[in-house]
Amino acid sequence: EHKMSHGSSSSSYELAFHGVDFTVELQYDDSTLIITAEQSNSQETWKGNFSSQFVEDITRKTGSVKKFDVFCRMLQTGLRQDSDAVYIDLLTYQDLELLRHRQNPSAANS
């Protein structure tokens, strides 16, 4: 883990999700969060760029409002796996749809 410049951070983590190994890289500064997840055995890569405004809007929608810098530090804690208070999982679109259906079965057709 190293600091890129004032107010920015870059770190990399080796994690397994559902028995599959990934390298997850986290980069952020005052306005942008970039998450890259690479599947170790296939080199398939997913990358997402998220503005601080988007992250704060999402936390508000979930009912767990977090400032951008707090969210980024919380994400690092989860990726380091050094706290039971923060849990990180990697979900596919199908996983999310299944969760959505479980939470609101009547929304399945929308």
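## Thr-36 and its contacts

Once you set aside its neighbours within four places in sequence, Thr-36 is in contact with Thr-23, Val-24, Glu-25, Thr-45, Trp-46 and Lys-47. You'll find Thr-36 in strand β4. Keep in mind that what you're looking at is a predicted model.

Is Thr-36 buried or exposed? Its relative accessible area is 17%, and buried means under 20%, so Thr-36 counts as buried.

## Helix α1

Now for α1, which covers residues 52-62. Its buried residues are Ser-52, Val-55 and Thr-59. Look down the axis of α1 and these buried residues fall within an arc of 65°, so they line one face of the helix.

What do the buried residues of α1 pack against? Their partners are β4, β5 and α2.

## The largest pocket

There's also a pocket to explore: the largest one holds about 1500 Å³ of space. It is lined by 34 residues, and the closest to its centre are Ile-35, Trp-46, Asp-89, Leu-90 and Leu-91.

Which kinds of residue make up the lining of the largest pocket? It divides into 23 nonpolar, 7 polar and 4 charged residues. Helix α1 shows up here again, giving the most to the lining with 5 residues. Elements that each supply at least two lining residues include the strands β3 (20-28), β4 (32-39) and β5 (45-51), along with the helices α2 (68-80) and α3 (93-103).

Technical notes
Residues numbered from 1 in each chain as written. Predicted model: local features only at pLDDT ≥ 70, side-chain atom pairs only at ≥ 80, totals over all residues. Heavy atoms only, no water. 1 Å grid on protein atoms, 1.4 Å probe; cavity = no way out; pocket = protein on both sides within 12 Å on 5 of 7 lines; lining within 4 Å. Points joined across faces, edges and corners; volume = space filled by probe spheres on them. Helix = DSSP H or I, 4+ residues; strand = E, 2+ residues; numbered from the N terminus. Nonpolar A, V, L, I, M, F, W, Y, C, P; charged D, E, K, R; others polar. Buried < 20%, exposed > 50% of the residue type's maximum accessible area, 1.4 Å probe, protein only. Arc of directions from axis to C-beta. Contact = heavy atoms within 4.5 Å.
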